[in-house]
Amino acid sequence: MFIDGAWQEMERRFDITNPADGSVLESIGDGGAEEATQAVEAAHAAFAGWAGTTAYERAAILSRAHKIMLERRDELARTMTLEQGKPLRAATLEVGYGADFLSWFAEEAKRIEGRTIPSARRDQRFLAIRQPVGVVAAITPWNYPVSMITRKVAPALAAGCTVVLKPAEATPLTAVAMMRVFEDAGVPKGVVNLVTCSDPRPVGDVFVNHPKVRKLTFTGSTAVGKMLAGKAAANMKRVSCELGGHAPFLVFEDADPVHAAKGAQLVKFLNTGQACISPNRIFVHRANLEPFVATLTERVAKLKVGSGLDEGVAIGPLVNEAAVEKMSRQVEDARDRGAGVACGGSRLTDGGLDRGHFYAPTVLTDVTPDMLIYREETFGPIAPIIPFEDESEVIAMANDTEYGLAAYIYTRDIARAFRTFEALDFGIIGINDINPTSAAAPFGGMKDSGLGREGSHEGLDEYLETKLGGFAI
Ligand code: NAP
C-alpha cells in the first residue's frame with residue numbers, strides 16, 4: 001500500500017495467483033476502511049499544494065512518468081502477463097497505450113482555459129475559470145490493469161486533483177508497479193495513494209461516504225457501477241463510470257466478408273474476449289454469411305492457447321473459474337436452442353491447461369434472440385453469429401440492449417456508413433475499423449454502459465469544476 005508517499009506493509013495479506021497455472025505469485029497487503037480513510041486524508045492534505053502548482057510543473061511530472069513507464073515497459077508487461085494472463089505482446093502494447101494517457105494529458109494540462117463572458121450590464125464583467133474538483137477516488141478492473149489506471153490518474157493529476165486508487169483484487173501488482181513510476185517521476189507525497197484489498201466493500205464505502213472525496217471514477221461491471229454511483233450521488237459527489245458493453249458488429253451485404261472476418265477475429269479475441277468493447281453479437285448479412293463464417297472459423301481454429309509467457313500464444317487464460325463456467329453456460333444454452341458450433345465449444349485441459357482457466361476460442365452460428373449469449377455480456381472467447389437480411393432490422397436488433405458502449409460497422413457504402421453511425425445508440429463506433437480508441441479520443445458509453453468520457457478534452461473536464469466570477473466595476 002502506498003499512502004502519503006510511504007510504502008506500508010501489513011500483517012493481513014492476500015495471495016495473487018497466476019490464472020495460467022494457479023501458482024501463487026506473491027502476497028500483498030489487505031487494506032480496509034482504516035487504510036482507505038488514511039489515504040483520503042493524505043490526498044486531502046496534499047490537495048492544496050498540488051492544485052497550486054502550475055500546469056507546466058504538473059506537465060513536467062506527467063512527462064517524466066511517461067518516460068519512466070516506457071523505460072519499464074518490459075517489466076510492467078511481464079507483471080501484467082503473470083497476474084492477468086494476457087499474452088506478453090498484448091501486455092507490451094497495453095503499456096504503450098497506458099503511457100499515451102500520461103503524455104497526452106501532460107500536454108492538455110497547459111490548455112485548461114477559462115473564458116470571459118459579455119454582460120448585459122455596463123458595470124459588470126463575467127469571468128469563468130476551471131479548477132480541480134478535489135480528492136478523486138478511483139476504482140479499476142483487472143482486464144486492462146495498467147491503462148485503466150493511467151486513463152484516470154493522468155487527467156486527474158493534470159487537472160490538479162489528488163487521487164486514491166483501489167485496483168482490482170486480481171491485479172494489484174501492476175498497480176504497485178505504477179505507483180513506483182509516479183513516485184520516481186517526482187509526484188509529491190499524498191498526491192497519489194494506493195489501497196489494495198481482497199474485499200472491495202469497506203474501501204468502496206469510504207470512497208462514496210467520506211466527505212473529503214469529491215469525485216468517484218469507476219471502471220467495472222454495470223451492477224457495481226450503478227450501486228456505487230447511487231451511493232455517491234446521495235452524497236452529491238461527482239461520478240464517472242465506464243461499465244459493461246454488449247457490442248454489435250454489423251457486416252452488410254456490400255462489405256468485403258473476408259476483410260470483415262479478419263477484423264472480427266482480431267477484436268473479438270483480444271485479451272481472450274475480456275474487453276468491454278469486445279464484439280458480443282456479430283450480425284452478418286445472409287449474402288455474406290458463408291465466406292464470413294468460413295474465414296472466421298479458419299482463423300479462430302488456428303489461435304494458439306496457453307500461458308501468455310509462451311511464444312506464439314494468442315489466447316491466454318480467463319480470469320477465474322467463474323468466467324470458465326459462464327462460457328460453458330452460454331455455449332450449452334446456445335447449443336440446446338439450436339446454435340451450431342463451428343469451432344471450439346469446450347473447456348481446454350490438455351497439456352497442463354487444466355491448472356489454469358482456459359476455454360477454447362469458439363465460433364457459434366445461427367444464434368437467435370432467445371439465447372443467453374444474445375443478451376448477456378460474454379467477456380470471453382466466444383463469437384456468436386446472427387444472420388440478418390435488412391438494414392433497419394439489424395439496427396433495431398443492434399440497439400435492442402441496455403448497453404451502449406462500442407459498435408462496429410463493415411460497409412463500403414458511404415451513405416450507409418453515415419446512416420448507421422448516426423442510428424446506433426453507442427458511444428464508440430468503428431466504421432471498417434476495429435480500434436476506435438486513442439488517448440486523444442473520447443471513450444465512454446451510453447445507457448447502462450456508463451456516465452462521462454475518458455481520454456480527450458472530455459476526459460479532463462470530468463476532473464474540473466467551472467467557477468463563475470461576476471465583477472462589478
Ligand atoms: P467488477 O466486479 O465491477 O470490478 C471492478 C472493480 O470494482 C474492481 O476493482 C472490484 O474490486 C471493484 N468492486 C467490486 N465490487 C465492489 C464494491 N461493492 N465496492 C467497491 N468496489 C467494488 O467488474 P469486473 O468483473 O472486475 O470487470 C469486468 C467488467 O468491467 C465488465 O462488465 C467490463 O465490460 C467492464 N469494463 C468496462 C470498461 C469500460 O471502459 N467501459 C473497461 C474495462 C472493463 P475486486 O476486484 O476486489 O472485486
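**View 1. The shell of residues around the ligand.** In this predicted model, 30 residues surround the ligand, and the closest are Thr140, Trp142, Ser221, Leu243 and Glu377. The shell divides into 16 nonpolar, eight polar and six charged residues; here Ala, Val, Leu, Ile, Met, Phe, Trp, Tyr, Cys and Pro count as nonpolar, Asp, Glu, Lys and Arg as charged, and the others, Gly among them, as polar.

View 2. Helix H5 (147-159), helix H7 (200-209), strand S10 (213-219) and helix H8 (222-234) each supply at least two residues of the shell. Helices (H or I, at least four residues) and strands (E, at least two) are DSSP runs, numbered from the N terminus.

View 3. A polar contact is a pair of N or O atoms within 3.5 Å. Look for arginine 151, with a polar side-chain atom 2.9 Å from an oxygen atom of the ligand. Glutamate 169 instead uses a backbone N or O atom, 2.8 Å from a ligand oxygen. For glycine 220, a backbone N or O atom lies 3.2 Å from an oxygen atom of the ligand. The protein covers 87% of the 910 Å² of accessible area that the ligand has on its own (Shrake-Rupley method, 1.4 Å probe).

**View 4. Leucine 127 in its strand.** Leucine 127 sits in strand S6 (residues 124-132). Leucine 127 counts as partly exposed because its relative accessibility is 34% (buried is under 20%, exposed over 50%, partly exposed in between).

**Notes.** Residues are numbered from 1 along each chain as its sequence is written, and side-chain values use heavy atoms, leaving out hydrogens and water. Local features need pLDDT of at least 70 and side-chain atom pairs count only at pLDDT 80 or more, while totals for chains, interfaces and linings use all residues.

Notes: Buried < 20%, exposed > 50% of the residue type's maximum accessible area, 1.4 Å probe, protein only. Near = heavy atom within 4 Å. Polar contact = N/O pair within 3.5 Å; in protein donor to acceptor, adjacent residues only side chain to side chain.
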